[in-house]
Amino acid sequence: MSKTQNTPGGVRSKTVADYLNDENIRAIIYQIVAIGLVVLAGWYLVSNTLANLERQNISTGYGFLNLEASFGISESMIDYTPQSNYATALMVGFLNTVKVAFLGIILCTIIGTIFGVARLSSNWIVRKLATVYVETFRNIPVLLQLFFWYAIIPGAFPAARNAFQPLPDVLLTNRGMYIPVPVADNAYDFMGIAAIIAFIVIYFVKKWASKRLDATGQPFPIVWASLGIFFGLALLAYLVGGAPTAMDIPALKGFNIQGGYNISPEFMSVLIGLTIYTSTYVAEVVRSGIQAVPNGQWEAAESLGLKRSIALRKIILPQSMRVAIPPLTNQYLNLTKNSSLAVAVGYPDLVSISNTTMNQTGQAIEAISIYMAVYLGLSLITSLFMNWFNKKMALVER
Amino acid sequence: MANSLKLPPGPVGTVGQRSVTWVRKNLFNSWFNSLLTLLSIAFVLWIVPPIIEWAFVNSTLTPSIDACRAVTGACWGFINANLRLILFGVYPYDEQWRPLLAMIVLFGVIIASLAGVKYPRMQKLIIPMWVVGIPVIAILMWGGMLGLTYVQNSSWGGLPLTLILSTIGIVFAFPLGLLLALGRQSNMPAIKTLSVVYIEVIRGVPLITVLFMASVMFPLFLPDGVSIDKLLRAQIGIILFTAAYLAEVFRGGLQAVPRGQFEAGDSLGLSYWQSMRLIILPQALRLVIPPTVNSFISMLKDTTLVVIIGLFDLLGAVKLALRSDPAWTRYYVEGYVFAAAIFFLICYSMGRYSAYLEKELRKGERR
């Protein structure tokens, strides 16, 4: 938009003031100034940092990842020894973070949904109990809850010598819970492959079923069919693999328990703490999601003669999901980010191992940049996925 | 129709009959609900009496180890004996009235600011109150003038530290978050990109990484010879972190202001800043007060994370008290429950207040 005016004497030439008052030119000036300030600040910080690193004789770069880590990690999902390099150690931490976040997300969704629905129950006492649960646990800092569980769990159970057995072959001790696991066998690999095949088959069956529904109006029991395909294929793979029955059963040997799979108190307290804290938020999301669907929708379904269960599945849930999914994503991300608090109770997650790395190598910037990048990556992937999912859900609308 | 008008059915029957109806309607209206009711009552009976017994009946308030060993319930004596350590950390004992007074001032300013939502006459006072209140709190805490002895901030701790970190965090993040939100809405691509990148990066990482960055990397950023102490670094980290979250809150408020309001500002010939200041922000900020209070609540809970970088906020002070004497160490449950109760009281009441404000603000809209 130029602001030149036509004067009787001809076109007035632009003055400097005209340029300065031009919206577009002003915008460009503002932006140059803003970028300039950011670059300047960045340059100042980087040059200071480099000078400081040089003075303190700290090396830079990610070369340390190949060095021997030489510290032990109490629990790991992949092979790790103190002789492994830092990259492996960080991988162990990353997998531990993913493990606790994944389980936490599943559990908090289940618990949160139960309490969210309970808060809308027509039963007064159920409603009140759910409210007490939600209000109590969401108003106490999650770190405090983690400390609390971490203090309670090892103290609540006996030493290995007189371990508590809630179920046969399940041992509860102050070093955590020991559960029996099947001994590794080819059959379990087959089952994994079968599960993947099952998912692909289910996908196509579902496609076919919805096509048939559109064409003929005949419904197909997709839920039962999917379950049948999944478990049938898994069972088949198990039988093909020779139906192994060997179990690795935990038992007391000397002063310690050998065998089985150990769920450490650190892991338990992080998982319990994160699950309970996040489930209160999930409960609120579920509640507002259900409340967001107008009552008329129930009545419409009823007048169409739909059963309550079908109305819930086909009419109410899809609509409340649309409302609930964005905040639910936020809660899942929060849980993943809060899993970094594991560092406070000694669960070897990514942040905790990065900190050990940082203390040993002195390379703070590199270590912090690694975990920031990982969390940022997880957040971006989740929000991209959820945006896609959201779009898919929103398309239902006219 | 007038003569067929009936009064709404009022309460019928005696109190006893009515309560029976209520119980039937709310607790036993179907077999499933009856089952749930019975299960819930069983659960309450199973869990509540032991808690009451532990917390009240079999507990002791006597601040001595021997008294605690003698009882089977809670040892509130641990809290009693260490109350001032838990509440004020290692702040010099004789000067602890100062953090107490600072806390009262802080609460007063917060409550007065929140009241400003309901009583428009207070609104003009909000900014002056903070401008006066923060230096008063700083003088009380630091001292070194007006006859107060100097207390370095490494010995600040307990509840005042928790409150100061979160309040100063929100107050200073407020303008920064506002600028970021405006930047995100801007038509200028460079400014928009900078704001979006900042907001999304900060929101994508956990607070603890920001705090670690503040405690480990900040010193590397500064030129030789300049150093900021740990508390200030944590405070800066918290401000930078909160700003990104507040920016999103403000964005919600800005987006809720109808487009026509922006156009009205333009058509009156107001400049960008004029129409922001006079037309848009007064409407947008009113809308974001409840979510801002909610941000404050989560900030208050999140400040406990400073324990991990070695500061003694309320939670840190509890841990300090537990460690102060090996005999007390086993009373961690009492310590954590006490801290949890304080956090709960503050967070729950503010949460209720923010819900109430939201309702009040909606009232105006509904007209």
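Reader: Which residues are buried in helix 6 of chain B?

Author: This is a predicted model, and what follows should be read with that in mind. In helix 6 of chain B, the buried residues are G133(B), I137(B), L140(B) and M141(B). What covers these buried residues includes helix 5 (97-115) and helix 7 (158-185) of chain B.

The geometry of the helix can be followed along its residues, 120-142 of chain B. Just after helix 6 of chain B comes G143(B), which takes a positive phi of about 70 degrees.

The setting of this helix is a chain built from helices: chain B has 14 helices and zero strands, so that its pattern, read along the sequence, is α-α-α-α-α-α-α-α-α-α-α-α-α-α. Of the 367 residues in chain B, 35% are buried, and G133(B), I137(B), L140(B) and M141(B) of helix 6 are buried residues of this chain. Among contacts in chain B between residues at least 6 apart in sequence, 65% join residues at least 24 apart.

As for overall dimensions, the C-alpha atoms of chain B fill a box of roughly 80 × 70 × 40 Å, taken along the principal axes. The radius of gyration of chain B is 26 Å, whereas a compact globule of 367 residues would have one near 21 Å.

Chain B also has a partner, and the contact between the two takes 46 residues from chain A and 43 residues from chain B. On the side of chain A that touches chain B, the elements that give two or more residues are helix 2 (23-55), helix 4 (124-138), helix 5 (142-156), helix 10 (308-338), helix 11 (350-361) and helix 12 (364-394) of chain A. The largest share of that side, 13 residues, comes from helix 2 of chain A, and the residues of the side divide into 32 nonpolar, eleven polar and three charged. Chain A itself is divided into domain 1 (6-55) and domain 2 (86-140 + 270-394), and the C-alpha centres of these two domains of chain A lie 43 Å apart.

Conventions
Residues are numbered from 1 along each chain as its sequence is written. Chains are lettered from A and ligands numbered from 1 in the order in which they are written. This is a predicted model: local features need pLDDT of at least 70, side-chain atom pairs count only at pLDDT 80 or more; totals for chains, interfaces and linings use all residues. Domain bounds come from an automatic or database domain assignment. Two residues are in contact if their C-beta atoms, placed from the backbone, lie within 7 Å. Helices (H or I, at least four residues) and strands (E, at least two) are DSSP runs, numbered from the N terminus. Ala, Val, Leu, Ile, Met, Phe, Trp, Tyr, Cys and Pro count as nonpolar, Asp, Glu, Lys and Arg as charged, and the others, Gly among them, as polar. The radius of gyration is taken over C-alpha atoms; the globule rule is 2.2 Å times the number of residues to the power 0.38. A residue is buried if 20 or more other C-beta atoms lie within 10 Å of its own, exposed if 12 or fewer, and partly exposed in between; C-beta atoms are placed from the backbone. The expected span of a helix is 1.5 Å times one less than its number of residues.
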